Amino acid sequence: MKPHPLRFLGILVVLASLPRVAPASAQQWLHDDGSKTNKSMFRVLEEWPDPNDYRNAAGMPGPRYWQQQADYRIEVALDTTDHSLHGSERITYHNNSPDVLRFLWVQLDQNQASEEYSRSRAAAGAMPARVSPMARRFLGLEPSDAGYTLTRVQLVRPDGSLVDADHRINNTIMRVNLEEPLQPGGVQRLDIDWHHIVPDAGRGAKELVTDGWLYENAQWFPRMSVYDDVNGWQTDQFMGRGEFYLEFGNYDVSITVPWNHIVDATGELQNPEEVLTATQRQRLEEAYRSEEPKFVIRPDEVMKPESRPTRSGTLTWHFKAENVRDFAWISSKTYVWDAAGFRYRPDSKVIEIHSLYPRDAMPLWDKVSTRATIQTMKTYGRLAFEYPYPKAVNANGPVGGMEYPMIAFCGRRPQPDGTYSDATERGLIGVTVHEVGHNWFPMIVATDERKWTWMDEGLNSFLQYYGERDYAKTYCGKQWTQTADCEYPAETQRGPAPNIVEYMRDPDQEPLMTESDLIAKDFGNNGYAKPATGLVMLREHVLGEKAFDDAFHYYAQGWMFKHPQPADFFRSMEEGAGENLAWFWRGWFYTTHANDQAIGDVSVQAAQELIGDDSRGQYYYRVKVDNAGGLVMPLEIEVTFADGTTERHDFPVDVWRNNELTFTAGFFGDKEVVEIVVDPDQAYADIDRSNNVWKRPITE
Ligand SMILES: [Zn+2]
C-alpha cells in the first residue's frame, strides 16, 4: 500500500473533514455551580461599588471628590537618658467634606506597644513554641510599655482660648468630642501633649550600635484618622500589621536633641546655619551638584566635637514639609552622612538625596544607599510619575524596612569584619528601592493601607522589580558586579511568574482582596509577591508594555495626593489600557484559583483536503488545550519542527470566552512538528508544567 503522505508524523491523522468553526455548544464555565446563572470569568465584576460623583466610572476622582486636610505644628524633644519623646502638637483640621462632624477620631498607633491599650497584645493568644525575632517585633509580643501617655487634650476655640476636650481612648484610636459641630468648610484646632518611650523594636525603634544610640521615630505623634466618602471615619484598630491611612497636610516640626546628634526627617531643614557647620553646609551644596555620593560627615569625623556647631546642651532642628501624609525622623550622634543631587532634566529642580548610617553599616551603605535611592527616582519616575518632593532620605538602623514621606528606614549591614554576601548587598538594594519607592505608593497615591495591603505593597513590589533590574544595568561593572551580563538575578525577585508558582499551588491562600489583618497565612506572598507578579504578567504578556504604562500612568497620576480604592485602580487600568480585564481582576485578585493549561490531543490534516490547496502550508495542525486550573489566561504555544526551527502561536485570553474548559488551536505548517509547549516563557504561573509539553510519539 502506498504510504500515506502524513504517516511520517507518527501522530493521529484526522481525515474526516471538520467544519472550520466548532459547532455551537452550551457555555462551559470553569466555576459553573449549577445555579443557572452567569458564571463566566469574563462577566462584569459584581463586587465593585457603583461609580458616583466622588469616584467615577473611569476610575478617577469624580467632580465632587473631596478629602480632609490635617496640618500639624509640633515641638518634640528627645531625652536620651530614658529614651523618651516629649511632644506637643497643634492640629489644624479642615473639614472639606459635605458632612457636619460632631467628633473627631485620632490615631494613637503607638498604643499598639502599650501594656494597657494594645488590642493586638490582648488578642494574641498563647505563644507558639517558636516565634521569629522579626515576628516578635512586629507582633509586639515583647513585654514593654511604649504606649502614649497623653498629658493634655484640648480644643482651641475660635477666639484662641483653650478648653479641655472630652475624649475617649479606644485602644489605638481616640475620639475627641467637639464643643460645636464642625460644619463643612470649617476648621477645628486641637492641641495634644504626650510622651512615650521609643520602643526597642517595631516600625520606629532605638538601637545601641558600636558608637552609641540611634533613634528612628515613627508613629510617634497622635495623627488624625481619615474621614472619607467610603468609610466615614476609618476606625480600624492598629493591630501591628495593617499599616496606616492618613490625611495630607502641612507640617512644621521642631525637634530638640542633644547637641552632638544629627537629625534628618520628612521635610526641608529650615535652620541649617544653626545645626550644621559651615563645612557641612558647603559639602551639601557641592554634593547636590552630582549624582555621585559625597560625604557630608566622613566616617573619621563621626562624634568629633568639631563636626558640630556647638559643644553642649541641645540643638533644635526645624523642618517644614508641604502636602505630606506623615512625618518621621531620625536622630543619633553615630551617623556617617553622604549626599547627592538628582535632576530629572538638566534644568529641573534638584532633589536632595541623603543617606545616614552608623559606621557599622560600612562598607556597604556608602556604596549602595544613595545610588539605589537615585535609581528609585529614575525607575519610578518613568513608570509612575516624577518624584514631587524636594528630598529623599535613606537611614540605617534597627528597623528592617519602613517608609515615610521623604524618609525611609532600612536594615542590612555588613558583618563586623566588614565583609558581606551578595545576598546582603541585594537585600540593601532591594529594601532601599522598596522603601524609598513607597513614596509613590502609598505616601503620594495614598491608599487605605490598613485594609488593602496589595494596593501599596503589591504595586510597590512591582515597581521594585524594575528598580532592581535597572540598578544592575545602571551600575553594571561599577557598583554592580554580581553578574557580568548586568542582569539582576530573577530567581531572587518578586515579579517573575515562576517564583509565585509554589504559592499558587497552596490550597490555603487567601484572595488578594482580603483586608490586611484578615490574612492568616503567607503575608509576604499575598501582600507583595502575588500582586507584583500579576502586574508584571499584565505588563509584559497580557497588555504589552505601552498599553500597561499608559494605564498605570493614568491611575498613578490621577490619584497623586488622593485616596484611591481598589475599584478605582481596576477601573482606571481598564480605562487607560482600553481593555476589559474583569477576568484578570476576578481570577488574580478576588479568588485563589491557579492556572493550569494542559495539552490534550494533537492532530494533523492535509491542507489540500481542508482548503483545497497547499498555499498556506501542507498541513493543518490542531492542538487541543484543556484548562485544568481555575484561571483563564492567554494561551501561548511554541512549536518545534523536525528541522529544529520553532514557531510561536499566541492567542489572547478570549479563546476561553465561549468555553472556559477547553480550546483547540489551529495553524498551518509545511514542516513536521516534533514538540509543542504551552506557556513556553513560563509567563502565567502554570502550576503543573508536566502537562504543558507534547512530544511526537515514537511509532515504528
Ligand atoms: Zn513595603
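User: Two strands pair if DSSP finds at least two bridges between them. How many bridges join E17 to strand E20?

Analyst: This is a predicted model, in which local features need pLDDT of at least 70 and side-chain atom pairs count only at pLDDT 80 or more, while totals for chains, interfaces and linings use all residues. Residues are numbered from 1 along each chain as its sequence is written, and side-chain values use heavy atoms, without hydrogens or water. Helices (H or I, at least four residues) and strands (E, at least two) are DSSP runs numbered from the N terminus. E17 and strand E20 (residues 335-342) run antiparallel, with Lys294 opposite Ala339 in E20, and the number of bridges joining them is three.

User: Which strands stand at the edges of the sheet?

Analyst: The open sheet has six strands with mixed pairing, in the order E17-E20-E21-E22-E24-E23. Two of them have a single partner strand each, so one side of each is left without a neighbour in the sheet. These are strand E17 (294-297) and strand E23 (401-404).

User: What angle does the direction of helix H4 make with that of E17?

Analyst: Helix H4 (residues 278-287) packs on the sheet and touches E17, E20 and strand E21 (351-358), contact meaning heavy atoms within 4.5 Å. Axes are lines fitted to C-alpha atoms, for helices over the stretch in contact, and angles run from 0 to 180 degrees between N-to-C directions. The direction of H4 makes with that of E17 an angle of about 160°.

User: With which side chain does the side chain of Ser355 make a polar contact?

Analyst: Ser355 belongs to strand E21 and counts as buried because its relative accessibility is 0%, the limits being under 20% relative accessible area for buried, over 50% for exposed and partly exposed in between (1.4 Å probe, protein chains only). A polar contact is a pair of N or O atoms within 3.5 Å; within protein, one must be able to donate a hydrogen and the other to accept it, and residues adjacent in sequence count only if both atoms are side-chain atoms. At 2.7 Å, the partner of the Ser355 side chain is that of Thr370.

User: Which residues coordinate the zinc ion?

Analyst: Donors are N, O and S atoms within 2.8 Å of the metal (3.2 Å for Na, K and Ca); water is not among the atoms, so sites may look incomplete. The donor residues are spaced H-x3-H-x18-E in sequence. At 1.9 to 2.7 Å, the zinc ion is coordinated by His434, His438 and Glu457.
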